[in-house]
Amino acid sequence: MRSPTLWPGLAAMIAATLLGTAIGTGYTDPPAVDRWWNELLAADRADWMLSLALALDHIGGGWVAVLVVPVLMVLSLLLAGRRPGAVYAAVALAVSAGAVQLFKHLYGRARPEDMLVASDFGSFPSGHVANAATIATVLFVLFPRAWVAIAGAVWTVAMAFSRTLLAVHWATDTVGGVLVGAGAALLLAAVLLPRVRTTDPADAVPAAHGEDGAP
C-alpha cells in the first residue's frame with residue numbers, strides 16, 4: 001500500500017520549487033507582501049521580541065541545529081527503544097538540510113538589507129524554519145497526537161516569525177522553509193515509515209482491528 005505521506009510530501013517539494021522559481025525569475029525586487037511584512041516588523045521591534053528571536057536564532061541554526069538537536073533527538077528515540085524511528089529522524093534532518101542548501105545555491109536569493117544578525121549565503125528557503133518544520137513533522141509522524149501537532153506548529157511559526165523579525169529572511173523564505181522541511185520529512189516517511197511501523201513494536205499500529213484488538 002502506498003504511504004499516505006507520499007503525495008503531501010511530493011506536493012510540498014513541488015510547491016517549494018515553484019515558489020523559488022517564481023521569486024527567482026519573476027521578480028526583480030521582493031514581492032509586495034515581503035516588503036510589507038519586512039517594513040511592518042521593522043517599525044515596531046520590542047526588546048523582548050528581539051531577545052526571543054536571538055535565542056531562536058542560536059537554537060535553530062549553527063552547530064546547535066546541525067549537531068546538538070539531531071543528536072539529542074536520535075539518542076532520545078534510541079533510549080525509548082525506537083531504533084527505526086531514530087534512523088528516520090536522522091535521515092530526515094540530513095536530507096532536509098541538504099535540500100535547503102541545494103535550493104539556496106539554485107536560486108541565490110539576496111537577503112534583506114537591514115539584517116540584524118549575520119547569515120550565510122542565500123535567503124530562500126530559510127534553513128532555520130526548514131529545520132523546525134522537519135523536527136515537527138518527524139515527531140508527528142512518529143507520535144501522531146494532536147498536542148504534538150500543535151506544539152510543532154507553534155515551534156515552526158515562532159521560528160518563522162523570528163527570522164523575519166531579525167530581517168534575515170523575507171516572509172516567502174519562511175514559507176519555502178516550511179515546504180522544504182515538511183516535504184522532505186514526509187517523502188522520507190513514505191520510504192522509511194513502513195519499516196518503522198512493522199519493525200518497531202513501540203510504533204506498531206494494528207490495521208483493520210477493533211479497539212480491543214480483535215479482527
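Which residues form one aromatic cluster with Trp 36? Trp 37 and Phe 161 do. The views below are taken from a predicted model.

View 1. The chain holds eight helices and zero strands. It has 215 residues, and 44% of them count as buried. Take the contacts with a separation of 6 or more: residues 24 or more positions apart account for 78% of these.

**View 2. Helix 4 packs against helix 5.** Helix 4 spans residues 62–79. Helix 5 spans 83–107. Two numbers describe such a packing: the angle between the axes and the distance between them. Here the angle is about 165°, and the axes are 7 Å apart. An angle over 145 degrees counts as roughly antiparallel, and helix 4 and helix 5 are therefore roughly antiparallel to each other. Their crossing is right-handed. Helix 4 makes the contact through Pro 70, Met 73, Val 74, Leu 77 and Leu 78. Helix 5 brings Arg 83, Gly 85, Ala 86, Ala 89, Ala 90 and Leu 93. By class, nine residues of this contact are nonpolar, one is polar and one is charged.

**View 3. Helix 3 meets helix 7 at an angle of about 110°.** Helix 3 covers residues 47–59, and helix 7 covers residues 146–165. Their axes lie 9 Å apart. Angles of 65 to 115 degrees count as roughly perpendicular, so helix 3 and helix 7 fall in that class. On the helix 3 side, look for Met 49, Leu 50, Ala 53, Leu 56, Asp 57 and Ile 59. On the helix 7 side, look for Trp 155, Ala 158, Met 159, Phe 161, Ser 162, Arg 163 and Leu 165. The contact of helix 3 with helix 7 has ten nonpolar residues, one polar and two charged. Phe 161 also belongs to the aromatic cluster with Trp 36 and Trp 37.

**View 4. Aromatic pairs: Phe 103 with Tyr 107, and Tyr 107 with Phe 124.** The count of aromatic pairs comes to five. Phe 103 and Tyr 107 form one that is tilted. Their ring centres are 5.9 Å apart, with 40° between the planes. Phe 103 and Tyr 107 are about one helical turn apart, because they sit four residues from each other in helix 5. Phe 103 is buried, and so is Tyr 107. Tyr 107 pairs with Phe 124 too, with centres 5.8 Å apart and planes at 80°. Planes over 60 degrees apart count as edge-to-face, so Tyr 107 and Phe 124 are an edge-to-face pair. This pair links distant parts of the chain, 17 residues apart. Tyr 107 is in helix 5, while Phe 124 is in the loop between helix 5 and helix 6. Both Tyr 107 and Phe 124 are buried.

**View 5. Arg 109 sits in the loop between helix 5 and helix 6.** Helix 6 runs over 127–142. Is Arg 109 buried or exposed? Buried means under 20% relative accessible area. Arg 109 has 10%, so it is buried. Leaving out residues up to four places away in sequence, Arg 109 touches Ile 23, Pro 30, Pro 31 and Asp 34, among others. Its contacts also include Gly 122, Ser 123 and Phe 124. Trp 170, Thr 172 and Asp 173 touch Arg 109 as well.

Methods:
Residues numbered from 1 in each chain as written. Predicted model: local features only at pLDDT ≥ 70, side-chain atom pairs only at ≥ 80, totals over all residues. Heavy atoms only, no water. Helix = DSSP H or I, 4+ residues; strand = E, 2+ residues; numbered from the N terminus. Buried < 20%, exposed > 50% of the residue type's maximum accessible area, 1.4 Å probe, protein only. Contact = heavy atoms within 4.5 Å. Axes fitted to C-alpha atoms, helices over the stretch in contact; angles between N-to-C directions. Parallel < 35°, antiparallel > 145°, perpendicular 65-115°, else oblique. Left-handed = near helix turned anticlockwise from the far one by under 90°. Nonpolar A, V, L, I, M, F, W, Y, C, P; charged D, E, K, R; others polar. Phe/Tyr/Trp six-rings, centres within 6.5 Å; stacked < 30°, edge-to-face > 60°.
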